[in-house]
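Q: I'd like to learn how to read a fold feature by feature. Can you walk me through one?

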Amino acid sequence: MERQPNTIDVEEIQSLIPHRYPMLLIDRVVDFEPGQWLHAIKNVTVNEPVFTGHFPGYSIFPGVMILESLAQATGVLGFKSTEGRNEGEMYLFASIDNAKFKRPVVPGDTMHLHVEFLKERRGMWKFYGEARVNDKVVCSADLMCARRER
């Protein structure tokens, strides 16, 4: 029997992480395995507010927003890997290492966000993440997040 993907729509994403427009940077989770990995997508559109000031005339999705997209994907994976999210609880972006940017992301691109859980220690979760467009890596990084009460 073929495995059915575990999908998450935007409403459930918003129940797991506190981000809202214009800072919600995940449109849908395509599939995930709790405690292991997650694949989400972000459709980059020209009408996003960031493009009015991030290189007018040469629209490039900011690298920091790509990293934030990956961080949000780690938060969703974290909450889906544990007992869920308690009211007032969130994942905080704690650190980033080895960030590499390979090519620009532009309006019309669909970023495929792939995050992999590596380890947890004292409330700190370590992940590896890649953003891909057309099966080519545009960004990769090691990310750490902390689960905390507000």
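Q: Where does Cys145 sit?
A: Elements here are DSSP runs numbered from the N terminus: helices are H or I with at least four residues, strands are E with at least two. In this predicted model, Cys145 lies in strand β6.

Q: What should I know about the model and its numbering before going on?
A: The model is predicted, so local features need pLDDT of at least 70 and side-chain atom pairs count only at pLDDT 80 or more, while totals for chains, interfaces and linings use all residues. Residues are numbered from 1 along each chain as its sequence is written, and side-chain values use heavy atoms, with hydrogens and water left out.

Q: Is Cys145 buried or exposed?
A: The scale is relative accessible area: buried is under 20%, exposed is over 50%, and partly exposed is in between, using a 1.4 Å probe and protein chains only. Cys145 has 1%, so it is buried.

Q: Which residues is Cys145 in contact with, leaving aside its neighbours within four places in sequence?
A: Contact means heavy atoms within 4.5 Å. By that test Cys145 meets Thr74, Tyr91, Leu92, Phe93, Ala94, Gly123, Met124 and Trp125. For a sense of distance, Cys145 and Ser69 are 76 residues apart in sequence and 13 Å apart in space, C-alpha to C-alpha.

Q: How many disulfides does a search of the whole structure find?
A: A disulfide is a pair of cysteine sulfur atoms within 2.5 Å. The search turns up 0. Take Cys139: the closest cysteine sulfur belongs to Cys145 and is 14 Å away, so it is too far for a bond. Cys145 is in no disulfide either. Cys139 counts as buried because its relative accessibility is 0%.

Q: What is the strand order in the open sheet?
A: Two strands pair if DSSP finds at least two bridges between them. Here 6 strands make an open sheet in the order β1-β2-β4-β5-β6-β3, with antiparallel pairing. At the edges are β1 (28-33) and β3 (89-101), each of which pairs on one side only. Neighbouring strands are turned by 25° against each other on average, direction ignored. Such angles run from 0 to 180 degrees between N-to-C directions, with axes as lines fitted to C-alpha atoms, for helices over the stretch in contact.

Q: Which strands does α2 touch as it packs on the sheet?
A: Helix α2 touches β1, β2, β3, β4, β5 and β6 (136-149), and its direction makes about 135° with that of β3.

Q: How do I read the individual strand pairs?
A: Go through the bridges pair by pair. β1 and β2 are antiparallel over 5 bridges, and Val29 stands opposite Ala40 in β2. These two strands form a hairpin with 3 residues between them, and Gly35 in the turn has a positive phi of about 75°. On to β2 and β4, which run antiparallel and are joined by 7 bridges; there, Asn43 has Thr110 in β4 as its bridge partner. Then β4 (residues 110-121) pairs with β5 (residues 124-133) in the antiparallel sense over 9 bridges, and Arg121 has Met124 in β5 as its bridge partner.

Q: Why is β2 largely enclosed by the rest of the structure?
A: Because 5 of its 7 residues are buried.

Q: Which residue does UniProt list for "active site"?
A: The unreviewed entry lists His54. UniProt positions are in the numbering used here, feature names are shortened, and annotations may be inferred rather than shown by experiment. His54 lies in the loop between β2 (37-43) and α2 (63-81). At 22% relative accessibility, His54 counts as partly exposed. Leaving aside its neighbours within four places in sequence, His54 is in contact with Ser59, Ile60, Phe61 and Pro62.
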